[in-house]
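Hi everyone, thanks for coming. Please have a look at the structure on the screen, and I'll walk you through it.

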Amino acid sequence: RGIGVIDWMVPGSRELAVASAEALEIHDAVVWPHHGIFCAGDTFARAYGLLSTIEKASEVAVKVRSMTTTPLNRISKEDICKINEAYALGIPPERIAAVFQ
């Protein structure tokens, strides 16, 4: 049933759990950007087989993309700020901003 990719959300959040559950109603696998993947199947072996196939395809894609110096995708400064706020990490905004300069 394909692979769903949901928008980036704060890890551990209710919003992420709800979006994942909704995506798994349609797809057998759901990718969390910058985090990981969930797979479902009628048996453990099928779910694991799907995961292994997706992981191998991703490995090939990463190798191909590593042949360029152009950054293709990364967590934004705004998303790092959301994690900082959600988990009360106390990282000063100027330290976060410095990483993105």
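Let's start with helix α2, residues 44-65, which lies across β1, β2 and β3 and runs at about 150° to β3. Keep in mind that this is a predicted model. The other helix I'd like to show you is α1, residues 14-24, lying across β2 and β3, at about 150° to β2.

Now for the sheet under discussion. It is open, has 3 strands in the order β1-β2-β3, and its pairing is mixed. On average, neighbouring strands here are turned by 20° against each other, ignoring direction.

In general, strands of a sheet pair through backbone hydrogen bonds, and they can be parallel or antiparallel. In our model, β1 and β2 (residues 29-32) run parallel and are joined by 3 bridges. You can find Gly4 opposite Val30 in β2.

Finally, the aromatic rings. How many aromatic pairs are there? The count is 2. Trp32 and Phe38 make an edge-to-face pair, 4.8 Å centre to centre, with 70° between the planes. Trp32 is buried, at 13% relative accessible area, whereas Phe38 is partly exposed, at 39%.

Then we have Phe44 and Tyr48: their ring centres are 6.0 Å apart and their planes are at 20°, so this pair is stacked. These two residues are 4 apart in helix α2, which means about one helical turn separates them. Phe44 is exposed, with 69% relative accessibility, and Tyr48 is partly exposed, with 47%.

Key. Residues are numbered from 1 along each chain as its sequence is written. This is a predicted model: local features need pLDDT of at least 70, side-chain atom pairs count only at pLDDT 80 or more; totals for chains, interfaces and linings use all residues. Side-chain values use heavy atoms; hydrogens and water are left out. Two strands pair if DSSP finds at least two bridges between them. Axes are lines fitted to C-alpha atoms, for helices over the stretch in contact, and angles run from 0 to 180 degrees between N-to-C directions. Contact means heavy atoms within 4.5 Å. Rings of Phe, Tyr and Trp (its six-membered ring) pair if their centres lie within 6.5 Å; planes under 30 degrees apart count as stacked, over 60 as edge-to-face and the rest as tilted. Buried means under 20% relative accessible area, exposed over 50%, partly exposed in between (1.4 Å probe, protein chains only).
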